[in-house]
Amino acid sequence: MKPVKYQLKNGLTVILAESRKSPVVSVQMWVRTGSADESPPQAGISHFIEHLVFKGTRKYGVGEVAAMVEGAGGELNAYTSFDQTVFHVTIASSKANVAMDAISEMMGFPRFDPEEIDREREVVIEEIKRGQDSPGRRSSQLMFSTAYRKHPYGRPVIGYERIIRKVSVGVLKKYYQDRYCPRNMFLLISGDFEKAAMKKQVQEFFGSFADYPVRRVKRVKEPAQKSARVKIEKAPFKETMTSLTWKIPPVVHRDVAALDALALILGQGDSSRLMTRLRIEEPLVNSAGASAFTPMDHGLFAVSLNLDRENLERALQVVNEEIARIQSEAPTAEELSKAVICLASDQIYSLETVDGIARSLGSQEFYLKNPNAFAAYLKRIYALKPADISRVAQKYLIPQTLCATGLSEEATDKLKKSLNRFLSSQKKNKKKKIVKATKSTRKARRLRARGLGLSGRPVTERLRLPGGGLLLLRDERETPTVSMRLAFGGGALSEPSGKDGLTELFARVWGSGGEKYDELAINSAIDSMAAGFGAFGGRNTSGLSADFISDFDQPIWDIMEDVLCRPTLPAEVLQREKEILSRQIKLRRDNPSQVCIRAFMDTLFRGHPYSRELQGTEETLPRISVEDLRAYRENVFTKGNLAICLTGDFSALKWRQRMEKFVESIPAGTSLIREFSHEGPKKNERLFHELKKEQTHLVVGYRGLSLSDPRRWALQLMQAVLAGQGGRLFLELRDKNSLAYSVSPLRMEGVGTGYFGAYIACSPDKTRKAERMINEEFQKLVETPIPEEELERARNYLVGRTAIDLQRKSAVCNSLLFDEIYGLDSEEGLRPEARYRAVSAADIRELAGFLFSQPSVVSVVGPHEGAAG
């Protein structure tokens, strides 16, 4: 349904977009201010204010807004970018008034209490420190600060510690009053509601906002770049991260559609030119990509490479060759068709969730002042010709606007020389007349974007295939998409001793092709259908997944059937993936949270298959051969070990016939899902791993429950009491004590065992206090029954989250399939409310007493263990 746009008397623009797909609504307030609207002494205060409006309003105290939303089963969050700040609540449509109340209070009546501001300073500073430990964030900041020397896009959105520590309450209030004005914001509501009733609610909650004048901001313009720039930064990361950027116009420019298509052809999707050459043909990079950043002001076309330093020279040579090629030779009609379909498919996939709808409409309204602007963009996309792509490549990918940046732990001089050589190569690429590709009549298929609304309560058809396999079919036709999962029991549980990483390698090689479709053909076909396809391997299962538009169901099955029944498992692909996995293993220390959790699991599950490294180790990977892959497949690939699920817009009869024919070729067998005995640690254990980082990462955990344990519902409620912005860990450790930006409970139920605990990342001097407070919160669960009001909040929180998560067909498909594989009631997983209602405070207290009486495992990763606190 076409969105309705109108304006309140106070100047607030309102956009209403009805969608009957799910009984859920998204309420979003978009503020037309971001970090680019700050002066240099204000850097970071837009993001700081985003935090502060959560810290109490005229009606609600600290944490009460989040508790109210989560207690009604909703999700509340916000984000700040260069250009905008957005606050959003997703909630059941019957509770839309709760979302309106929360957003109106935060946007119209924040307290800005000086004591709370000082507490939140510490939280934001912890977030800044977290960014310093992130290779991706450090690389991004280096890229933007090099490309924009004067324009505020060159400053980090989050700002700087020195400013956040000192910015006054008066400055914060003044910025809020100048920019958070009705005429500088718009309210967007999408989902299941009646327009007339919603308009009344909008007036009730937002009509009283005073019509303050907006302080207009004139952003500093970036001077025209006349020569290339190269900048290197030394950083404590094993992986080398390189960015190559060129200046491009803002979002309103007519060339944006062609630039988006250029980015897709060059570096998005497994069949893109850079991925094909840098990842498939030569395993030079860990990741590579291209993107067109087109904001309000002039943007960037970026090529990013994450790789080992010794591979950079060759990788840059390939990038230079591909840029020169696309500048002089127009892409093929097939390549352009793929790009067009992928860009057009955004409209279809966004219809799956109310948040997706709101995000799409909000972006169009924000940048183009028209929530229906995608139709015009789509028209330009479908009108593109191959020569248009080469034209914009020639026009914008030019040496004088190139910025080349690199982040590396060592050999920075060599890195700078490599980037300078790339610059020299770029200068040698002379502008040529564009050579047209071989003439083709192929045009991009026009996709049908339709949302049919609610079609009644979906029913899952549960069928037993010949020989014992299970087939689940769930008809959900609200959008023309399908999610399919096909899984075999086993996973890492079925790996032979000393072959850690076998499941992961099998998944990587298995999905690379069959006798009919090799790896390149699969990648090209999948990208041309804007689909998602791949093999997966986990602790308990391995299999294939596909998410696709309904029109493409036959070609998708052709590929899946070939990979399933006639996999080639090429030796060269195995060797390539071993090399890439080996590099990734060496890079683990760049992710201290991963190191921390991995050490925790190694110790907690000592002697159990769950202690194995899913990606393998430097010792085990070389031992794995093609024969091991074939033996693994032979072991898991049996009728009785198979489960298949399809959810979405498809013909049940056709897929049932396909699956019945498919299983005829599969040998007989039984399920490989089985439990391994596991008793857990005999005494408390404490681990410390030294990493020179800004933050220390801490896990405090215990042996948890198995998937078959009926107490898992109580455990989920225990987690919900601790989780979320209204949960105990957030309120006590973050809101009241400013210990961290990131703090959350951890929970995993597995086959026969599991874990439960908490994770926090904080400054090293706060580690001991954080550990003590986590243990105090666990002990409170043992000593004092949870008040009924708090328990009801946790129940509503879980029920609401389930409804929100299950808007996506992929989530429904995963829930159904894996519950069935593990012998659980799959319908309970989709509608768990009765289970949660049956859990009492006494049940949770008893469970807490059991869990926290066991030996604990404490894992600490950071520069030091921290002083006592």
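Contact here means heavy atoms within 4.5 Å. In this predicted model, R598 is part of helix 21, which covers residues 592-604. Setting aside neighbours within four places in sequence, the residues in contact with R598 are R539, Y610, S611, R612 and E613. R598 has a relative accessible area of 14%; the limit for a buried residue is under 20%, so R598 counts as buried.

Strand 3 spans residues 24-31, and eight of its eight residues are buried. In a regular strand, side chains alternate between the two faces of the sheet. In strand 3, V24, S26, Q28 and W30 point one way, while V25, V27, M29 and V31 point the other way. Both sets are buried.

Strand 3 pairs with strand 5 (residues 85-92) through eight bridges, and the two run antiparallel. Strand 3 is also joined to strand 6 (residues 185-191), by seven bridges and again in an antiparallel arrangement.

## Nonpolar cores

The largest nonpolar core contains 56 residues. Within this core, the residues with the most contacts are L244, L262, L278, F301 and L305. Helix 9 (residues 256-267) gives the most to the core, namely nine residues.

For L262, leaving out residues up to four places away in sequence, the residues touched are F301, I326, I389, V392, A393 and L397. Apart from this core lies another one, of 54 residues, which includes V65, I125, I158 and F209.

The model has a count of 75 salt bridges. One of them joins D37 to R179, with the closest N and O atoms 3.7 Å apart. D37 sits in the loop between strand 3 and helix 1 (45-52), whereas R179 belongs to helix 7 (residues 169-179); the two are 142 residues apart, and the pair links distant parts of the chain. D37 and R179 are both buried.

A salt bridge also connects D553 and R658, where the closest N and O atoms are 3.4 Å apart. This pair links distant parts of the chain too, with D553 in helix 19 (residues 553-565) and R658 in helix 23 (residues 652-663), 105 residues apart. Both D553 and R658 are buried.

The side chains of E776 and R772 form a salt bridge with an N to O distance of 3.0 Å. Both residues lie in helix 26 (residues 767-783), and because they are four residues apart, about one helical turn separates E776 and R772. E776 has a relative accessibility of 34% and therefore counts as partly exposed. R772, at 35% relative accessibility, likewise counts as partly exposed.

Salt bridges also form a network, which links K55, E116, R119, E120, R734 and D735.

Technical notes: Residues are numbered from 1 along each chain as its sequence is written. This is a predicted model: local features need pLDDT of at least 70, side-chain atom pairs count only at pLDDT 80 or more; totals for chains, interfaces and linings use all residues. Side-chain values use heavy atoms; hydrogens and water are left out. Buried means under 20% relative accessible area, exposed over 50%, partly exposed in between (1.4 Å probe, protein chains only). Two strands pair if DSSP finds at least two bridges between them. A nonpolar core is a set of buried Ala, Val, Leu, Ile, Met, Phe, Trp, Tyr and Cys residues joined through side-chain atoms within 4.5 Å. A salt bridge is a side-chain nitrogen of Lys or Arg within 4 Å of a carboxyl oxygen of Asp or Glu.
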